[in-house]
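Here are my notes on the model you sent, as numbered points.

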Amino acid sequence: MRAREAAARRFTAPADTTTAVPDTTVGGHPAEADPPRRLHRLEPAELLYGRLLASAAAGGEPVAARFRIADGRSQKLPLGKWLAPVDAVDRAVLAHAAPPVLDIGCGPGRHLAALAVAGQQGLGLDLSPVAVRLARARGAEAILRSVFADVPRAGTWRSALLLDGNIGIGGAPEALLARACALIAPGGAVLVETGPPEAPTRRLRVRLETRSAISPWFGWATVGADGIAGLARAAGLEPCATFEARGRWFARLERAR
Ligand SMILES: C[S@@+](CC[C@H](N)C(=O)[O-])C[C@H]1O[C@@H](n2cnc3c(N)ncnc32)[C@H](O)[C@@H]1O
């Protein structure tokens, strides 16, 4: 508790973070409405993300939370989407996932919940205790675990999911794909959501932001549909298919038998 309070203590955002990263959109308020040196609470990403998820799940006041890239661009954190049931595109992708399925970065478990409804066995991994709790409340099996730590039944999963931007986990997609390759069984597949074909591979520094709190910067990445094949081969996976559904792109990467 004391450590958490210490992590959450108030501090004045240092000049380099407030000037190098223009706060033009956080909370939907223009930067000129902000005091020149606003107080932000620095909060570990897992805790801030968990607090936001818990608040959104409780149906509280919507929190304007953003995913900020170090170049200044930002996008709204789609908490509502993560808490809602999967859509038709996700269901179609899940139909290609042979069980048992390992959902890497499962969040509040919408993909696992859909798999459970279809009678498919799955396990979710996530760094956020709140996400794991919410996933379990949806009937999913999920554990608090980094994908890079000791994962149960490593090397036996028939499918691994990296959906909804999760190819960004860790900020080094080749290392993440190599890890996913080691977790699936020979002949198994990794289903990855990518950007569109022309989107470049980018290794990024990002953070979470609300009007009152920010997380430290952490590594993230984005990969386009054209870039995934080379990264997959370098990781020991064979790119077998790329498909598009309603503007979203996916790749199926297989581990040799
Ligand atoms: C973009 S969210 C996606 C949530 C979920 N897959 C969905 O689509 O609803 C990314 C998730 O990855 C988790 N995550 C980040 N780094 C991770 C790691 N090293 N191991 C496991 N999960 C991680 C985060 O806590 C977060 O829940």
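1. Leu-102 stands opposite Leu-123 in β6. This is a predicted model. Strand β5, residues 101–104, is joined to β6 by four bridges, and the two run parallel. Between β5 and β6 the chain passes through helix α6 (residues 110–117), and this β-α-β crossover is right-handed.

2. On its other pairing, β6 is joined by three bridges to strand β7 (residues 142–144), again in parallel. Here Leu-125 stands opposite Ile-143 in β7. The chain crosses from β6 to β7 through α7, in a β-α-β crossover that is right-handed.

3. How much of β6 is covered? Strand β6 (residues 122–126) is mostly covered, with five of its five residues buried. In a regular strand, side chains alternate between the two faces of the sheet. In β6, Gly-122, Gly-124 and Asp-126 point one way, while Leu-123 and Leu-125 point the other way, and all are buried. Note that Asp-126 is among the buried residues.

4. The sheet is open and has seven strands, in the order β7-β6-β5-β8-β9-β14-β13, with mixed pairing. β7 and β13 (237–245) stand at the edges with a single partner strand each, so one side of each has no neighbour in the sheet. From one strand to the next, the twist averages 20°.

5. At the β13 end, the partner is strand β14 (residues 248–255), joined to β13 by eight bridges and running antiparallel to β13. Ala-245 stands opposite Arg-248 in β14.

6. Two helices should be read against the sheet. α7 lies across β6 and β7 and runs at about 165° to β7. α8 lies across β5, β8, β9 (184–194), β13 and β14, and runs at about 145° to β9.

7. α7 also meets another helix. The axes of helix α3 (residues 45–57) and helix α7 (residues 129–137) come within 8 Å and cross at roughly 35°. The residues that meet are Gly-50, Leu-53, Ala-54 and Ala-57 in α3 and Pro-129, Val-130, Ala-131 and Leu-134 in α7. By class, this contact has seven nonpolar residues, one polar and no charged.

8. Which residues come nearest to the ligand? Of the 21 residues around the ligand, these are Trp-82, Gly-105, Gly-107, Ser-146 and Asp-164. The shell around the ligand divides into 11 nonpolar, seven polar and three charged residues.

9. Finally, a loop residue. Leu-163 sits in the loop between β8 (157–162) and α8 (173–183). Is Leu-163 buried or exposed? With 23 other C-beta atoms within 10 Å, Leu-163 is buried, because the cut-off for a buried residue is 20 or more. Leaving aside neighbours within four places in sequence, Leu-163 is in contact with His-111 and Glu-193. Leu-163 and Asp-90 are 73 residues apart in sequence, and their C-alpha atoms are 8.8 Å apart in space.

Notes. Residues are numbered from 1 along each chain as its sequence is written. This is a predicted model: local features need pLDDT of at least 70, side-chain atom pairs count only at pLDDT 80 or more; totals for chains, interfaces and linings use all residues. A residue is buried if 20 or more other C-beta atoms lie within 10 Å of its own, exposed if 12 or fewer, and partly exposed in between; C-beta atoms are placed from the backbone. Two residues are in contact if their C-beta atoms, placed from the backbone, lie within 7 Å. A residue is near a molecule or strand if its C-beta atom, placed from the backbone, lies within 6 Å of it. Ala, Val, Leu, Ile, Met, Phe, Trp, Tyr, Cys and Pro count as nonpolar, Asp, Glu, Lys and Arg as charged, and the others, Gly among them, as polar. Axes are lines fitted to C-alpha atoms, for helices over the stretch in contact, and angles run from 0 to 180 degrees between N-to-C directions. Two strands pair if DSSP finds at least two bridges between them. A crossover is right-handed if, with the strands pointing away from the viewer, the path from the first strand over the helix to the second runs clockwise.
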